[in-house]
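Consider how charged side chains may connect separate parts of a protein chain. Side chains of opposite charge can pair when their charged atoms come close.

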Amino acid sequence: MKDQKSDFEVELMLANTASDATADSNPGDSVGDRKGYEAMTHVIVIGDGGITFDVTNRIDLKMQHSDDGTTWADCADNDVIGAETATITDGIVHAFDQAQTADVLHFGYVGEKQYSRLLPT
């Protein structure tokens with residue numbers, strides 16, 4: 001019997017933190033390596049914020065990819081499944097720019113490169 005658990009691996013890429021309006025991250029800790037897999041899913045869990053997001057107080061999630069894990073480029077439309085908009089601009093797959101309640105978001109990386117990452121900017 002083939003089960004779904006055997007088809008993928010889950011790895012913590014960004015530690016759980018409480019943040020303010022500034023996007024704090026260490027991109028080096030959030031790199032996913034899809035070696036041996038055809039795709040990768042990035043999952044982000046967000047709690048109720050201490051601020052109300054708007055066009056000024058915002059956090060954008062940007063997806064990037066790389067052949068070597070060192071030189072990064074923004075992902076394009078055909079690299080991502082589940083982006084917030086039909087057209088990805090500057091790699092941004094989701095914008096926290098309006099009132100937000102706790103939620104779980106997930107984005108699939110289906111591009112050709114070995115490494116991908118999801119960055120708050």
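This is a predicted model: local features need pLDDT of at least 70, side-chain atom pairs count only at pLDDT 80 or more; totals for chains, interfaces and linings use all residues.

Residues are numbered from 1 along each chain as its sequence is written, and side-chain values use heavy atoms, with hydrogens and water left out.

The structure contains four salt bridges, a salt bridge being a side-chain nitrogen of Lys or Arg within 4 Å of a carboxyl oxygen of Asp or Glu. In one of them, Arg-58 and Asp-97 meet at 3.9 Å, N to O. Because Arg-58 sits in the loop between strands E2 (40–46) and E3 (59–66) and Asp-97 in the loop between strands E6 (92–96) and E7 (103–109), this pair ties together parts 39 residues apart in sequence; strands here are DSSP runs of at least two residues, numbered from the N terminus. Arg-58, at 30% relative accessibility, counts as partly exposed (buried means under 20% relative accessible area, exposed over 50%, partly exposed in between, with a 1.4 Å probe and protein chains only). Salt bridges that share partners join Arg-58, Asp-97 and Asp-60 into one network.

Asp-74 pairs with Lys-62, their closest N and O atoms lying 3.5 Å apart. Asp-74 belongs to strand E4 (residues 73–74) and Lys-62 to strand E3, so the pair ties together parts that are 12 residues apart in sequence. Lys-62 is buried at 17% relative accessibility, whereas Asp-74 is partly exposed at 31%.

Conventions
Helices (H or I, at least four residues) and strands (E, at least two) are DSSP runs, numbered from the N terminus.
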